Amino acid sequence: MRRLQATLDRIDRRGYGAYKGLQGTYDLGSFFLFIDRVQRDPFAPPSLVRVRTKENGLDPALFESPVRRVAFEDFLTRAVEAAIGKVVRGSRGLGGSGRVEIQRPSQVVLPRTSVVVSPQHVEARVAVGLPARGRTVDARAARTVLLEELPEVARRSLVPGPEGGVVAEAARLHVETVEDADHLRRQLPGLGLVAFVADGSVLPRESGTSDSPLREGAVPFEGPEELRVSVELPNRGEVFGMGIPEGVTLVVGGGFHGKSTLLSALSWGVYDHVPGDGREYVVARPDAVKIRAEDGRGVAGVDISAMIGDLPGGRSTGDFSTPNASGSTSQAANIAEALEVGTSLFLVDEDTSATNFRIRDERMRELVQKEPISPFIELVRPLHRSLGVSTVVVVGGVGDYLDVADRVILMEDYEPSDATPRARKVTTKFPPRAPVGDKDVRPPRGRRVRASSIDLRRGRRETARGRGVQTIELGRERVDLSYLEQLAEAGQTETIARLIGEFAGAGVSRGVKEVVEEELASVSERGLDSLSSMEGHPGELSLPRAQEVAAAINRARSLEARPGVG
Ligand code: ADP
Ligand code: MG
């Protein structure tokens, strides 16, 4: 502590660059402080600092299994964030002076690099804006941040209570909720289900831009008798709710009756949620993929022939590339790519689908004979029969889908009912004008991607980094991920960028699925920290799914890929 103080005294009022001398490890009594990377100036990305306890006096039951440890680290990340809000004064000069931040978690619980719990210690990784007075070192303010505020944050959030400290009850609830959700999701295949929505869940969100639960006027979910399933959870005991079986499920209902909200909750059901989210016990198959139209996206060498026949000019769709896909070809590519990396459930909302992809009616068939697109309605059954992939599709306007549904959920005033028998009557009363095509589908051919087509050079440096949730920078290219509806937070984007950077840097061309699986297997073996280029603080990373990693690779505009594996 004295050494840190001495260095601060020595560099006070010197140029900001003198802060470099702080880099190192310090013993603060009950904590260690690691100053891993020091920023160059007050406006540069903040300095990277770790605070580590000297022992771990927390209840070992909170981190005794991998699931519990991830949940507990998530809990502590949020606790540190809350403590920072209470303790740190914040801005005290130019740029980020005096600010302390920890990785900002979304509503979902993910493996992250923000907090590490080991049997020996607990460590929080934070970013600190070292205080500047003008463009010089402000040693007094730095002393306050590093020697008073940071230890106080650690005292409040990383060590056992009772005065301040880790709140045991809340920590236990957090860990047990996540463990239950994980258990519930693992039961789905054995129960023949693709998703489950517990009674009492709160699905609607506060607003289109907030993932927090709607507080006022939210109607809690109450599943219909016919689809009722109960599951025994390790902590909470028996939970009741609506099970969505494998096969083709239609969600129908009038506009504004909660169809998209239900589908969206299912799409987030691939992740565990924090207590209080409202969707704690809404789970879906972990590989579920929400499919949408995304016109304008680039497509590289994707086999969309199952969905789209030969294009004008005799262009084959077995190896389809375009810098500018249409609504329907982009949606077809999204499906083919999801099948390539692997999925057992598609979630499709008519609100975000291309019209000609959804349906083609009899009159148009008569008038337009050269139509390469097989509408999705002809695909949903074969997808399940041939490939074992189920679909939940939201449909408001197209009654033809009733012919291909195994069951129909009707949403009325946010309340689901089983409308399958009524739907059967309707299809008998109004038989299909033309039988729905029902061919077999084969899986799309896998692709080999050329590693060298991803060029990481940017000036003299090589870059592969995340920019917020929705953008990845690969060299000079900015890859747009804004249509990946199941990407939860910036830490995932950053991780994806680094994984792509590793693949491109290694320069070995491989299959998309192979790249994604190997990169993620290496992360699960060596930990997210291994993606860091330096010792110590790894930056802000959270674990993405294989589906999003593949999707990001597939959206790189410079990508060259050819069918060739799988
Ligand atoms: P649809 O897709 O059927 O047109 P949405 O799912 O978009 O309907 O929902 C319409 C509106 O109702 C949204 O503002 C949504 O937040 C709200 N909403 C959805 N479900 C509920 C619910 N259970 N309780 C209260 N409001 C809800
Ligand atoms: Mg809708």
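Predicted model: local features only at pLDDT ≥ 70, side-chain atom pairs only at ≥ 80, totals over all residues.
**Entry 1: overall form**

I began with the secondary structure and found 13 helices and 32 strands in the protein. I then looked up the radius of gyration, which is 26 Å, close to the 24 Å that the globule rule gives for 566 residues, so the protein is as compact as a globular protein of that length. Along the principal axes, the C-alpha atoms fill a box of roughly 85 × 55 × 35 Å.

I next turned to burial and surface. Of the 566 residues, 55% are buried. The accessible surface comes to about 24,600 Å², and carbon and sulfur atoms account for 49% of that surface. For the contacts, I took those between residues at least 6 apart in sequence; 72% of these join residues at least 24 apart.

**Entry 2: the largest pocket**

I looked up the volume of the largest pocket and noted about 1,600 Å³. The lining consists of 43 residues, and those closest to the centre of this pocket are Arg37, Pro45, Leu48, Glu494 and Arg498. Which element gives the most to this lining? I recorded H11, with 7 residues. The elements that each supply at least two lining residues include strand E3 (47-53), helix H2 (66-87) and helix H11 (490-506). By residue class, the lining of the largest pocket divides into 16 nonpolar, 12 polar and 15 charged.

**Entry 3: the second largest pocket**

The volume I noted for the second largest pocket is about 1,200 Å³. Of its 38 lining residues, Val70, Pro111, Ser524, Leu543 and Pro544 are the closest to the centre. The largest share of this lining comes from H2, with 6 residues. Strand E6 (115-117), helix H4 (168-187), H12 and H13 are also among the elements that each supply at least two residues here. I counted the classes in this lining as 20 nonpolar, 6 polar and 12 charged.

**Entry 4: enclosed space**

I then searched for cavities of 30 Å³ or more, and the count comes to 6. The largest cavity holds about 220 Å³ of space. It is lined by 20 residues, of which Val289, Lys290, Leu484, Ala551 and Arg555 are the closest to its centre. Strand E18 (289-291), helix H6 (327-341) and helix H13 (546-554) each supply at least two residues of this lining, and H13 gives the most, with 5 residues. How many of the lining residues are charged? I found 8 charged residues, beside 8 nonpolar and 4 polar ones.

**Entry 5: proline 538**

Last, I looked up proline 538, whose place is in the loop between helix H12 (512-526) and H13. Is proline 538 buried or exposed? Its relative accessible area is 3%, and the limit for a buried residue is under 20%, so proline 538 is buried.

I listed the contacts of proline 538, leaving out residues up to four places away in sequence: Thr113, Arg125, Arg498, Asp529 and Ser532.

Technical notes:
Residues numbered from 1 in each chain as written. Chains lettered and ligands numbered in written order. Heavy atoms only, no water. 1 Å grid on protein atoms, 1.4 Å probe; cavity = no way out; pocket = protein on both sides within 12 Å on 5 of 7 lines; lining within 4 Å. Points joined across faces, edges and corners; volume = space filled by probe spheres on them. Helix = DSSP H or I, 4+ residues; strand = E, 2+ residues; numbered from the N terminus. Nonpolar A, V, L, I, M, F, W, Y, C, P; charged D, E, K, R; others polar. Rg over C-alpha atoms; globule rule 2.2 N^0.38 Å. Buried < 20%, exposed > 50% of the residue type's maximum accessible area, 1.4 Å probe, protein only. Contact = heavy atoms within 4.5 Å. Areas by Shrake-Rupley, 256 points an atom, 1.4 Å probe, with all protein chains shown as cover.
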